[in-house]
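Hi everyone, thanks for coming. Let's have a look at this one together.

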Amino acid sequence: MQERTRRRADKAACVAIAEAAQALLAALVSCAAQEARRGGAARIQPWHIGRAVQSAEFRSSPFFTRTTARAADGTSGSTVKEARRAARAARLDGHVKVNPFRSLVKRTARAHGNVALTAPLVVALSAFVLEAVNQVADTAGGAAAKSDATTITADHVRTAVIDLLAGDLQARALAAIDAALVAEAVGA
């Protein structure tokens with residue numbers, strides 16, 4: 001986050017970004033799991049994710065509009081084959097953690113959809129989480145820049161979530177952020 005925005009981020013901002021990304025992932029997996037169950041499938045397939053993203057809940061959010069547009073023109077995301085190739089190259093270069101969101105994706109799928117994911121879909125959803133983290137971090141960095149702050153705070157992340165998400169998704173993400181920040185304050 002600090003590399004992308006050229007600003008420091010306090011601990012609360014990092015917690016808020018993580019919660020926002022997880023709330024987005026949970027909503028997407030839940031909706032895709034409903035699509036899979038509706039079709040009688042035991043596993044979430046890529047087309048279930050596609051149908052979930054086309055639902056009104058997701059289409060109304062600027063985050064999904066930007067992500068879909070960037071994926072369509074090739075400036076963001078990649079095919080599963082390209083993602084695997086990049087992961088293999090990163091492993092060969094000696095990077096320790098090739099897919100840092102793999103366990104988060106699998107845990108979220110078990111908790112919110114109770115439906116298995118295909119292996120290529122785990123890679124694709126991990127890329128989705130990375131895109132969510134990047135967009136929220138970029139937008140929060142922009143909010144910090146507008147207020148001439150040198151440090152990104154949880155309030156900047158909340159502003160980013162309000163800018164990027166709409167409706168129920170926005171409410172869920174903000175509630176998750178608030179709950180995590182309260183838990184963090186109590187634990188501190």
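What you see is a predicted model, where local features need pLDDT of at least 70, side-chain atom pairs count only at pLDDT 80 or more, and totals for chains, interfaces and linings use all residues. Residues are numbered from 1 along each chain as its sequence is written, and side-chain values use heavy atoms, with hydrogens and water left out.

So, pLDDT: that's the predictor's confidence in each residue, from 0 to 100. The protein chain has a mean of 79. Confidence is highest in helix α9 (residues 154-164), at a mean of 94, and lowest in helix α6 (residues 80-92), at 54. Over residues 69-79 pLDDT stays under 50.

Now, the cavity. On a 1 Å grid over the protein atoms alone, a cavity is a set of points where a 1.4 Å probe fits but cannot get out, and lining residues have an atom within 4 Å of a point. Grid points are joined across faces, edges and corners, and the volume is the space filled by probe spheres set on the points. The largest cavity comes to about 30 Å³. Which residues line the largest cavity? They're Ala20, Leu24, Val136, Ala160, Val161, Leu164 and Leu165. Helices α2 and α9 each supply at least two of the lining residues, and α9 gives the most, with three.

Notes: Helices (H or I, at least four residues) and strands (E, at least two) are DSSP runs, numbered from the N terminus. Contact means heavy atoms within 4.5 Å. On a 1 Å grid over the protein atoms alone, a cavity is a set of points where a 1.4 Å probe fits but cannot get out, and a pocket is an open set with protein on both sides within 12 Å along at least five of seven lines; lining residues have an atom within 4 Å of a point.
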